Amino acid sequence: MPKNSKVTQREHSNEHVTESVADLLAHEEPVDYKRSVLNVAGETWDKQKDAEEDLDSENRPAWNSKLQYILAQIGYSVGLGNVWRFPYLCQKNGGGAYLVPYLVLLIIIGLPLFFLELAVGQRIRRGSIGVWNYVCPRLGGIGFASCLVCLFVGLYYNVIIGWSIFYFFKSFQYPLPWSECPIINNGTTAIVEAECEKSSATTYFWYREALDISDSISESGGLNWKMTLCLLTAWSIVCLAMIKGIQSSGKVMYFSSLFPYVVLVCFLVRGLLLRGAVDGILHMFTPKLDKMLDPQVWREAATQVFFALGLGFGGVIAFSSYNKQDNNCHFDAALVSFINFFTSVLATLVVFAVLGFKANIMNEKCVVENAEKILGYLNTKVLSHDLIPPHVNFSHLTAKDYSEMYKVIMTVKENHFKELSLDACLLEDELNKSVQGTGLAFIAFTEAMTHFPASPFWSVMFFLMLINLGLGSMIGTMAGISTPIIDTFKVRKEAFTVGCCIFAFLVGLIFVQRSGNYFVAMFDDYSATLPLTVVVILENIAVAWIYGTKKFMQELTEMLGFRPSRFYYYTWKYISPICMAVLMTASIIQLGVNPPGYSAWIKEEASEKFLYYPTWAMAILISLIILATLPLPVVFILRQFHLVSDGSNALSVTYKKGRMMKDISNLEDNDETRFILSKVPSETPSPMPTHRSYLGPGSSSPMEMNSTPNGRYGSGYHLASTPESEL
């Protein structure tokens, strides 16, 4: 409080000081209207409930250190998508040219919306349900929708961790069990398994040994007991990591967030030493600039940015809600966004260094097989020896020599060339074989590792990395469910975590049937994309257009101690909502143009075949989208027509030197009236109310805080008006 203020003068003199109502109210702390005589709505104040809320706020856990918090956010945002989706999109959409739209959209969509979620979580110190109830009660369904999407994603995401656990334990063998096709003894003869011979050893192991997959989604085939045990193990790990809240999950993050980087760096060093690694990296980053003009590239880049940072899930809000109020969340947003992008590029380098090596191996294999065909044609006089260049040596045939010989034969035997069944064996063709998702991790990468020296060691490291990447994302996903539910309904943390994991495991049994992989693909493609886009658009609108961008920027200034760039004002207000609306429209159009389907593994053909979802599966798919977005209209209607309490004033949030406090004044009737109308100085109550205010651990008392008028966040108290005032 300024030293020359009238209130300060009164404290240091016995002279009567005449003050206006405006003077007094300028120094008064905000009063919750439900607790004062100014409450004309007739709403009741539950003292016991408020006391419980105060105790909950005071006892709210916090991160042990800033490093632990940053690692948690990194572990959550950096996941399996960085390793197996970003490299695929980079290859598919123009190599190095894809990085341009990705970076542009990261800056104008990803960073601002990530900063927004960090800020609202840190400011209001609640999970997604409590946050959006406070910002805009009528849009309180955003929090419930986020929880449902987190549940859907968690159900199938943990199945992927289960697959990684299965491969992890299978890696402790030499040779690796997917390095060769199994041999079947048929009486006196030994033959190679037909399904494996038609495909490859790694493909056969994935579809037959690991998944034991059925031919279509309609054929359940019963439970795969191996994967059921792995799923149980995965949920047990998640439960143990989450059971004590951030006290346990934060410690897990030290390993689960840092270990993947150790593995990626090791793989990069090893990969660069492999023959052909440079070919893969050059192919990867050779820009195809014409791709930048394709709207589909921008749509896929926006979707990747959107999911890479975990926007809309509630995990970002949950983690930031355990921060101190003066934490610089703007720096956190920029740092985590950069690290996420850096990780994607690092993973891409690793993937294509290894795939470049694999492409060279496969190309050499192709050359050898086709050279044997040519030798056979030469011996049977189908081809003349005159067609073979004199410098070609079949015992040391290079890819360049074969290519030269192939072109000569194709030119001379133009009319009958197809009958020879010769392949061009171009390295470029091998490098252009785009592989994504599970195919990249469990087929392409595993096949490449079979050619590594000490292949079991690298396999163990790779799948341990996948487990850790998945675990970091799962902890954030579970926090997006548990934090808002525990904050809102005051359930016991341990009991809820155990119950949620048991429930998720039982529901997740649908994913460990023999047809379970098809359900994983369905949930991955459709359960989150559209609902999350709607959620994030509404989050943006709730803050920028309903709560008010100017008001939010002012409160950020009070909280951070500096004013964020105007760039955020314009992105929150205009650019991000427009871009997200375009993305949502494009997703809906894409859904309508391309009927939903999946890639089924046909055992007899030993190959994948695209099939459309049957009617009942389409019903499940549509139900997932509807169920995830249903809380939005339901909560809006219930609160619009006052069918349920909106809880808009359950949290009276303000700032005291950048720290959030919850006003819990318990004034007697007419206390405000006596304060304003009192004419005798000795009867006038102190300008600082005697009621208790929670300022967070380590905070000073109100009088102590006012002893430094030029403090970091300015003087006095700033009233944060209720969301209703903005409606």
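Arg123 is buried, at 3% relative accessibility (buried: under 20% relative accessible area; exposed: over 50%; partly exposed: in between; 1.4 Å probe, protein chains only). The model is predicted, so local features need pLDDT of at least 70 and side-chain atom pairs pLDDT 80 or more, while totals for chains, interfaces and linings use all residues. Residues are numbered from 1 along each chain as its sequence is written, and side-chain values use heavy atoms, without hydrogens and water.

Arg123 forms a salt bridge with Glu555 (2.6 Å, N to O); the term denotes a side-chain nitrogen of Lys or Arg within 4 Å of a carboxyl oxygen of Asp or Glu. Glu555 lies in helix 25 (residues 529-560) and Arg123 in helix 7, so the pair ties together parts 432 residues apart in sequence. Helices are DSSP runs (H or I, at least four residues), numbered from the N terminus. Glu555 is also buried, with a relative accessible area of 6%.

Helix 7 is largely enclosed by the rest of the structure, because 21 of its 26 residues are buried. The helix bends by about 45° at Leu106, the angle between axes fitted to the seven residues ending there and the seven starting there. Just after helix 7, Arg125 has a positive phi of about 55°.

The whole structure holds eight salt bridges. Glu195, Arg208, Asp212 and Arg514 are linked in a network of them. Within it, Glu195 meets Arg208 (3.0 Å, N to O). Glu195 is buried, at 4% relative accessible area. Arg514 meets Asp212 (3.6 Å, N to O). Asp212 is partly exposed, at 29%.

Definitions and conventions. Helix = DSSP H or I, 4+ residues; strand = E, 2+ residues; numbered from the N terminus.
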